[in-house]
Amino acid sequence: MNFKTIIVQEKYIDETKQGEAFAIAERPENSKKLFLESYGCQMNFSDSEIVASILNEQGYNTTLKVEEADLILLNTCSIREKAEQTVRMRLSQFKNLKKGKPSMTVGVLGCMAERLKTKFLEEEQLVDLVVGPDAYRDLPNLLKETEDGRDAINVILSKEETYADINPVRLGGNGVTAYVTITRGCDNMCTFCVVPFTRGRERSRDPHSIIEECKDLLNNGYKEITLLGQNVDSYLWYGGGPKKDFAKASEMQKATAVNFTQLLDLVAKAVPEMRIRFSTSNPQDMSLDVFRMIAKHDNICKYVHLPVQSGSNNMLLAMNRQHTREEYLDLIKKAKEIVPDIAFSQDMIIGFCNETEEDHQDTLSLMKEVEYDYGYMFAYSERPGTPAHKKMDDNIPADVKQRRLAEVIALQGELSRKRMQSYVGRMHQILIEGISKKNKNQWKGRNSQNAVCVFDMLEGQKIGDIVDVFVYDNTQGTLLGRTAE
């Protein structure tokens with residue numbers, strides 16, 4: 001996940017990190033080349049797989065060499081100002097590249113496309129094509145317009161689109177883990193967040209199509225899936241349409257509706273050989289039944305990413321988070337009673353509007369009480385169009401934000417090391433996901449709690465195996481183990 005400061009595997013991922021480009025196996029009959037680069041959250045990477053699938057049917061093979069591309073697409077993120085700056089710099093590079101190859105088409109997809117459509121096309125003339133998150137099916141038509149020399153745009157948000165019938169092309173990856181999108185959009189309206197305005201209202205995907213995609217992944221050798229959405233806990237399928245319209249549903253629709261807990265149960269039973277994760281959760285929508293379902297099924301991982309954003313009730317109210325500090329801590333406490341080995345990670349916004357030193361100390365104390373395994377932390381930057389941008393002053397000085405952020409990162413480092421230490425001296429089932437970057441003779445994988453573990457390779461082991469590993473030591477973000485004899 002780019003554009004956030006991340007405590008994991010003993011390193012911080014810089015907010016200015018470039019996006020990731022992926023390529024898939026070529027279709028011999030395809031003659032055109034697509035360079036597709038993704039930025040931001042997991043939803044964007046999942047969406048890129050949908051785009052690749054659509055364009056693969058339109059004669060495009062993917063490429064990792066931007067200079068040979070006929071079509072360049074950036075799937076963009078609006079969550080942070082630095083994310084947008086990075087994409088603008090990238091588009092400027094492509095604009096220069098296009099001078100030597102006028103036939104090349106450059107387009108922007110995703111959240112920035114919706115928010116900055118006019119600037120990109122008309123004012124700055126950086127792109128030929130602008131496509132919002134709900135308009136990817138229209139790409140073939142839009143590309144025809146660009147071929148005729150016209151700028152093309154479709155950023156209309158949908159109340160129905162879930163791309164349930166499109167089988168995503170798996171871009172890059174390790175062939176072991178995959179994302180399965182179950183919801184799109186968000187209704188929460190947190191004051192700092194641009195997602196409801198760039199991705200639209202929340203709607204859920206048909207559970208039957210989700211299960212079929214999971215089964216297909218299993219048949220293709222995948223061993224782990226992550227059910228994905230802006231807010232997976234509020235998943236609600238009643239035949240289609242936005243969640244907000246559920247009150248208008250028929251009695252039959254209400255009686256046969258499927259919520260997130262029920263979906264978890266269905267998926268766990270449908271693919272018992274696969275590990276199941278989910279992201280992202282929201283405290284106000286998280287049910288204790290979800291934790292009971294984790295406890296019920298061995299193949300649902302004991303890990304939840306549960307963003308809190310602040311430990312201060314004043315800040316939570318200003319952010320419109322719809323939960324209090326006390327409610328959040330009570331949820332964590334009860335979850336640990338239901339699933340004793342469960343692990344949590346967090347999102348934290350530092351220096352939100354009017355944040356006091358006392359508010360900041362409340363955040364630090366909440367972190368200590370929860371003891372997160374790791375976290376995604378960043379200083380607040382206002383996003384145009386959000387309620388906070390319209391109605392609140394971004395009035396915390398930059399140096400204060402950075403000092404507070406440094407304190408939060410330092411504390412999370414201590415907590416991460418402590419949590420990793422708690423896994424030492426025990427056996428863990430590790431899914432081998434690849435080769436360690438630091439040692440080509442070691443495997444890298446994760447346990448149920450999402451902690452990364454490295455251990456020496458043994459003959460007969462391969463990527464995709466789940467092996468018993470004894471953890472004998474740890475670093476801040478990594479477990480050190482050896483295969484059990």
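Buried area is the accessible area, taken with a 1.4 Å probe, that two parts lose on being put together, summed over both. Keep that in mind for the domain interface below. The model is predicted.

**Colour by confidence.** Start with the whole protein chain. Its average pLDDT is 89, and 93% of the residues score at least 70. Now select residues 1-17. Here pLDDT stays under 50. The model still has 66 contacts for this stretch beyond four places in sequence.

**Colour by domain.** Select 16-154 for domain 1, 177-422 for domain 2 and 424-483 for domain 3. Keep domain 1 and domain 2 on screen. Their C-alpha centres lie 28 Å apart. Domain 1 brings 17 residues to the contact, and domain 2 brings 20.

**Show the interface.** Between domain 1 and domain 2, about 1700 Å² is buried. Carbon and sulfur atoms give 49% of that area.

For one to inspect, pick Arg199 and Asp47 and show their side chains. They form a salt bridge, and the closest N and O atoms are 3.1 Å apart. Next, turn to polar contacts. Seven residue pairs across the interface of domain 1 and domain 2 qualify, with both residues at pLDDT 80 or more.

**Stay on the domain 1 side.** Select α1 (42-56), α2 (81-99) and α3 (111-115). These are the elements that give two or more residues to the side touching domain 2. Which of them gives the most? It is α1, with six residues. Then colour this side of domain 1 by residue class. Six residues are nonpolar, four are polar and seven are charged.

**Check two backbone spots.** Both call for a look at the torsions.

- Go to Ser279 and Thr280. The peptide bond from Ser279 to Thr280 is cis, with omega near 5 degrees. Thr280 sits in the loop between β15 (275-279) and α10 (288-296).
- Move on to Gln309. Its phi is near 75 degrees, a positive value in a residue other than glycine. Gln309 belongs to the loop that runs between β16 (303-305) and α11 (313-318).

How values were computed:
Residues are numbered from 1 along each chain as its sequence is written. Side-chain values use heavy atoms; hydrogens and water are left out. Domain bounds come from an automatic or database domain assignment. Contact means heavy atoms within 4.5 Å. A salt bridge is a side-chain nitrogen of Lys or Arg within 4 Å of a carboxyl oxygen of Asp or Glu. A polar contact is a pair of N or O atoms within 3.5 Å; within protein, one must be able to donate a hydrogen and the other to accept it, and residues adjacent in sequence count only if both atoms are side-chain atoms. Helices (H or I, at least four residues) and strands (E, at least two) are DSSP runs, numbered from the N terminus. Ala, Val, Leu, Ile, Met, Phe, Trp, Tyr, Cys and Pro count as nonpolar, Asp, Glu, Lys and Arg as charged, and the others, Gly among them, as polar. pLDDT is the predictor's confidence in each residue, from 0 to 100.
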